[in-house]
Amino acid sequence: MKIGAPKEVFEGEARVAMTPESALQLQKLGYDCLIEAGAGKAAGFSDAAYKDAGVEVIRGAAALWKAADVITKVRAPNTTEARRLTKGKTLISFFFPGQSEELMDLVNSKGANVIAMDMVPRISRAQKMDALSSMANIAGYRAVIEAGNNFGRFFTGQVTAAGKVPPAKVLVIGAGVAGLAAIGTATSLGAITYAFDVRPEVAEQVESMGAEFVFLDFTEDQADGAATGGYAAVSSPEFREAQLAKFREIAPDIDIVITTALIPNREAPELWTKDMVAAMKPGSVIVDLAAEKGGNCKQTVMDEKIVTQNGVTIIGYTDFPSRMAAQSSTLYANNIRHMMSDLTPEKNGKVKHDMEDDVIRGATATFKGKITFPPPPPKVQAIAAQPKAEVKEQTPEEKRALETAAFKAQTKQQVILLSVGAIVLLGVGLVAPASFMQHFIVFVLSVFIGFQVIWGVAHSLHTPLMAVTNAISSIVILGALMQIGSGSYLVMLLGALSVFMAGINIFGGFMVTRRMLAMFQKS
Amino acid sequence: MDFGFTTAAYVVAAVLFILSLGGLSGQESAKRAVWYGIAGMALAVVATLIGPGSGMWFLSLVLISGGAVIGWQLANKVQMTQMPELVAAMHSLVGLAAMFIGLNAHFTIGYVDGISGAGGMSADDIGSFAALVAHKTQVEINILRVELYLGVFIGAITFTGSIIAYGKLAGKVKSTAEKLPGGHMLNAGAAALSVICLVWYFNTGGFLPLFLMILAALFIGYHLIMGIGGADMPVVVSMLNSYSGWAAAAIGFSLGNDLLIVVGALVGSSGAILSYIMCKAMNRSFISVILGGFGGTTGPAMEVEGEQVAIEAEGVAAALNDADSVVIIPGYGMAVAQAQQAVSELVKRLRDKGKNVRFAIHPVAGRLPGHMNVLLAEARVPYDIVLEMDEINDDFPDTDVVIVIGSNDIVNPAAQDDPNSPIAGMPVLECWKAKQVFVSKRGQGTGYSGIENPLFYKENTRMFYGDAKDSLNKLLALID
């Protein structure tokens with residue numbers, strides 16, 4: 001079958017759904033790859049590069065849509081493109097079926113199958129094809145870069161000959177994929193980074209990225225993130241108040257705010273109010289990654305950069321991934337490629353659209369003339385914080401009590417062991433003759449010494465220990481030596497055999513131990 | 001020659017043996033300690049030859065030298081990966097020798113009885129041991145019987161048990177746990193028969209009960225070890241080690257020789273402690289290991305979610321080139337693939353680049369206690385970067401890359417996360433806390449315990465499929 005990637009028709013879109021690299025991987029799956037001439041140009045991939053990778057370059061969008069069985073795209077198709085689909089063709093792209101029912105109906109009426117990359121369920125198995133995450137990652141990174149571009153100072157604090165420069169303070173609101181990427185970028189540029197999220201369980205991730213989590217003086221049972229597929233849920237009015245109060249408190253200190261808070265299928269919540277913007281220092285920058293959904297700051301203008309009266313820059317671009325087209329095309333093409341390899345379990349270049357597969361089912365919007373959106377809830381839940389078991393901090397008294405108890409138990413155990421041992425010894429002594437007891441005492445003491453000595457042996461020397469104990473247990477040779485001089489021939493024969501075998505063991509055991517020990521070297 | 005000298009020599013030898021074992025507490029002192037052992041053994045043998053064993057000293061020397069040549073050959077020829085087999089084989093020799101010596105004691109009793117009527121015997125005529133026996137009272141003879149009976153019993157179990165262990169370790173016997181129909185009832189029956197024979201023998205002193213017991217004990221040794229699977233071998237080998245010690249001690253009792261008792265007790269307790277450490281490392285009781293197989297689960301195992309993501313050598317090499325700290329976890333798979341040289345070379349290259357490379361050794365990794373340490377030492381990995389589980393477990397969160405080579409159950413997070421898992425509670429190496437984990441493994445599949453390993457499904461885990469040695473050699477070429 002043939003996989004084709006047309007040139008994106010959306011204005012300003014620089015990404016492309018196939019790169020020369022991903023094409024090579026797709027060919028390994030058994031597919032032939034097609035690309036519309038000039039499709040990769042804006043992302044920095046020339047037609048020649050595609051040709052070198054074995055991709056057939058086709059002139060004109062119409063021809064490509066006709067030739068390909070599977071069409072991979074970045075943006076959802078427009079009406080013209082959708083009309084080009086025919087029965088049996090599969091379209092893989094961002095589709096947002098929840099918000100574009102007309103388009104879905106149109107495609108469905110054409111009989112084409114649609115796999116919406118934005119509908120890939122958020123389970124760990126599907127992470128490699130989660131295009132929303134890979135795009136969000138880029139957006140988060142780019143948000144910091146854009147902020148820096150519009151921010152008149154260093155990120156990192158410096159002490160120079162000309163004077164001291166304080167570090168920039170960055171606040172990231174919403175610690176999803178984009179938020180975490182923004183945190184990582186900001187901290188690596190040297191800024192002091194704060195982060196906030198309504199899901200307190202992400203605090204650990206935030207801190208692992210080097211930012212400080214902004215905790216609220218507010219306790220409330222938050223909805224479990226797993227129940228909503230790993231996304232944030234709407235919070236209560238009280239919680240919102242506490243949150244805004246905290247932001248208001250820190251707003252004057254913050255130089256750069258990056259907001260990424262989105263709730264699925266809703267308008268973006270307002271988190272950075274007008275008075276907070278007014279409280280910020282001139283020259284500060286706000287990057288609103290939620291601009292497409294109305295913005296976390298209501299002053300944000302979609303796709304534009306504005307400067308407020310008090311000199312705060314608010315950036316409302318929505319095309320961050322497209323601004324880094326080479327990077328985002330590479331990642332998106334890889335997401336597509338992973339999706340294709342799941343669709344091609346046999347690696348024979350034939351799509352096997354398995355509606356039993358959780359991931360494929362979840363992402364499919366239309367299939368064989370039927371609308372299959374919305375999908376049933378995934379069988380596997382997203383990873384979420386396990387309710388943490390309460391580890392009670394022990395008071396010093398409790399600790400001491402525990403220690404005393406342990407000590408007592410130990411003492412008791414030892415006393416019991418000793419008494420039992422003593423009684424057994426006495427019992428043996430009552431019946432056994434003195435000559436036996438003499439040896440028995442030696443035996444008991446030796447076991448005792450053995451236990452004391454062996455505990456000290458290093459774990460790494462256990463094999464030499466076994467070899468050397470093996471060698472010295474051949475001390476039975478003494479017995480054989482004493483018996484070999486016996487008058488009985490049978491005894492002599494068995495004795496001689498024993499001497500021989502023990503001889504092997506003594507030399508073998510000691511030699512091999514020595515050999516092993518000689519190998520242990522210090523660096 | 002007076003026996004006073006012999007006794008003095010025995011005391012010195014015993015002290016030397018204790019020093020020899022005690023010296024194994026550190027790698028450097030161990031090199032000296034082995035010489036203490038050799039000196040102790042030489043002293044004991046010489047003292048016996050010129051003392052109580054002087055009767056046939058020439059023949060004895062010839063036999064010892066013959067044994068020495070073979071032992072020498074074996075010790076120098078053996079591959080370090082074959083150490084478990086060698087140790088098991090040597091145990092079987094000790095077991096067999098102990099059995100013979102015990103039998104000899106029995107025959108000597110009969111012999112002494114036979115000639116005591118004739119009277120006029122001296123140590124020169126019948127050998128020193130028989131003379132000793134001849135001076136015993138009836139009670140002492142009875143005790144002697146019990147002692148030699150025990151010596152023969154333990155010796156026989158050690159003999160067949162070690163042979164089977166050898167076969168399993170050398171791959172000559174299937175390493176899966178197999179039992180005859182009847183299972184442990186057969187063992188119990190054989191043990192009961194041995195007890196009955198003991199009473200019988202104690203009362204009559206005849207050869208038949210002794211012979212029956214030998215058959216029963218040989219069977220127990222065979223059947224017991226057949227029922228224990230491959231990965232439990234560390235426990236089995238140390239248990240047999242312990243048995244060979246107890247057999248020597250029992251022989252010491254029957255011969256009235258304190259040095260044998262001392263050494264037997266030392267070896268016996270050493271093996272017992274090793275078995276205990278191994279069992280503890282698997283969080284299983286000694287009994288459950290001996291009874292074979294993993295215990296039943298208490299509930300359904302946790303669902304493992306995600307998928308195993310494979311990776312090629314290029315990806316592993318890139319991660320290694322970027323990493324600052326690397327931990328390698330070797331297991332039996334490394335020994336099977338003979339990959340220790342490749343591992344060592346990899347470590348050398350990474351260390352030359354200034355990376356912090358260390359090894360994490362689980363107590364039951366491999367088929368013998370301390371097996372991995374010896375293999376790595378053979379491949380010239382310095383021992384101070386080879387760490388024990390307790391020493392390194394806290395360092396995993398700060399580790400960039402962990403490479404797991406041929407181990408499975410000892411890195412299974414289910415032991416901590418899943419209370420229903422058969423290995424729940426077993427101490428494991430917490431490698432999943434590292435930033436990235438690569439698992440070198442021949443293919444998909446479960447480990448010895450037969451349980452799924454959630455580590456392989458973790459997001460930070462990549463599966464590096466293929467023979468360990470080939471995989472590492474491929475990797476070596478890519479480390480610049």
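Look for salt bridges between chain B and chain A and the rule finds zero, the test being a side-chain nitrogen of Lys or Arg within 4 Å of a carboxyl oxygen of Asp or Glu. This is a predicted model, where local features need pLDDT of at least 70, side-chain atom pairs count only at pLDDT 80 or more, and totals for chains, interfaces and linings use all residues. Residues are numbered from 1 along each chain as its sequence is written, chains are lettered from A in the order in which they are written, and side-chain values use heavy atoms, leaving out hydrogens and water.

As for contact itself (heavy atoms within 4.5 Å), 112 residues of chain B meet 87 of chain A. The buried area, meaning accessible area (1.4 Å probe) lost on being put together and summed over both parts, comes to about 9100 Å², with 76% from carbon and sulfur atoms. L24(B), M41(B) and I273(B) lose the most on the chain B side, together 7% of what that side buries.

| Class | Chain B residues touching chain A |
|---|---|
| Nonpolar | 69 residues |
| Polar | 29 residues |

Technical notes
Buried area = accessible area lost by both parts, 1.4 Å probe. Nonpolar A, V, L, I, M, F, W, Y, C, P; charged D, E, K, R; others polar.
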